[in-house]
Amino acid sequence: MEHLPQGAKDEEGCFVYHTVPFSDSTGIGVRSKMSVGDEFQTGEVIGNGEMVSIDLVCPSRFDGNTNGPFLRLSDGTGWLFEKKYGEIEMERIPVTVGLWTFIVDNVPCGISLRWHPVDRVDMIMNDVMNDVMNDVMND
């Protein structure tokens, strides 16, 4: 069983964080493990002010540590941290959960609906689904 400081617990879910911009920094390096150590940097950098999706928030495993909590990127590519040596590096952004309706206004170029925001042809919704969505939007 892993040690957690008294009252601390891991949080699972969908969280959004953004990097806190620093004038002397280009961003925060992604780590391969829950650590602020530079030796664990993967080479990927989250730029100043960028937002990321987090699926696990883990407090430091050491009592009195000023690092953490540690933030696992939802895509599984590594870890970030909210604080490093007590300095805030990432901040959580409040997220409203729900279903949203939106209209894309990109005339004259247009845009087709996709299941996921990618350019792959197999992810583009078929014409029947586009007609259904148009009917819903026009009601």
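The questions and answers that follow concern a predicted model.

Q: What makes up the secondary structure of the protein chain?
A: The protein chain has one helix and nine strands. Along the sequence the pattern is β-β-β-β-β-β-β-β-β-α.

Q: Why is Cys58 called buried?
A: The relative accessible area of Cys58 is 2%. Buried means under 20%, so Cys58 with its 2% is buried.

Q: Is Cys14 buried or exposed, and what makes it so?
A: Cys14 has a relative accessible area of 62%. The cut-off for exposed is over 50%, therefore Cys14 counts as exposed.

Q: How many disulfides are found in the whole structure?
A: The search finds zero disulfides. To count, a pair of cysteine sulfur atoms must lie within 2.5 Å.

Q: Why is Ser60 called buried, and where does Ser60 lie?
A: Ser60 lies in the loop between strand S4 (51-58) and strand S5 (70-73). Its relative accessibility is 7%, and the limit for buried is under 20%, so Ser60 is buried.

Q: What makes the link between the side chains of Ser60 and Asn65 a polar contact?
A: The side chains of Ser60 and Asn65 are joined at 3.2 Å. The cut-off for the N or O atoms of a polar contact is within 3.5 Å, and the value of 3.2 Å meets it.

Q: How do you know that S4 pairs with strand S1 and with S5?
A: Pairing needs at least two bridges. Strand S1 (residues 11-19) and S4 have six bridges and run antiparallel.

Q: Why is strand S2 described as largely enclosed by the rest of the structure?
A: In strand S2 (residues 27-31), five of the five residues are buried, so the strand is largely enclosed. For the protein chain, buried residues make up 28% of the 139 residues.

Q: What makes S2 and strand S3 a pair?
A: S2 and strand S3 (residues 41-47) share four bridges in the antiparallel sense, against a requirement of at least two. Ile28 stands opposite Ile46 in S3.

Q: Why does Gly47 count as buried, and which residues does Gly47 touch?
A: Gly47, which is in strand S3, has a relative accessibility of 11%. Since buried means under 20%, Gly47 qualifies. Leaving out residues up to four places away in sequence, Gly47 touches Thr19, Thr26 and Gly27. Gly47 and Thr26 are 21 residues apart along the chain, with 5.7 Å between their C-alpha atoms.

Q: Why is Arg92 called partly exposed?
A: Arg92 lies in strand S9 (residues 90-93) and has a relative accessible area of 37%. Buried is under 20% and exposed is over 50%; 37% falls in between, so Arg92 is partly exposed.

Q: Which polar contacts does the side chain of Arg92 make, and how do you know that they count?
A: The side chain of Arg92 contacts the side chain of Glu11 at 3.1 Å. A polar contact of 3.1 Å also joins the side chains of Arg92 and Tyr17. The limit is within 3.5 Å. Beyond four places in sequence, the residues in contact with Arg92 are Glu11, Phe15, Val16, Tyr17 and Val57.

Key:
Residues numbered from 1 in each chain as written. Predicted model: local features only at pLDDT ≥ 70, side-chain atom pairs only at ≥ 80, totals over all residues. Heavy atoms only, no water. Helix = DSSP H or I, 4+ residues; strand = E, 2+ residues; numbered from the N terminus. Buried < 20%, exposed > 50% of the residue type's maximum accessible area, 1.4 Å probe, protein only. Polar contact = N/O pair within 3.5 Å; in protein donor to acceptor, adjacent residues only side chain to side chain. Contact = heavy atoms within 4.5 Å.
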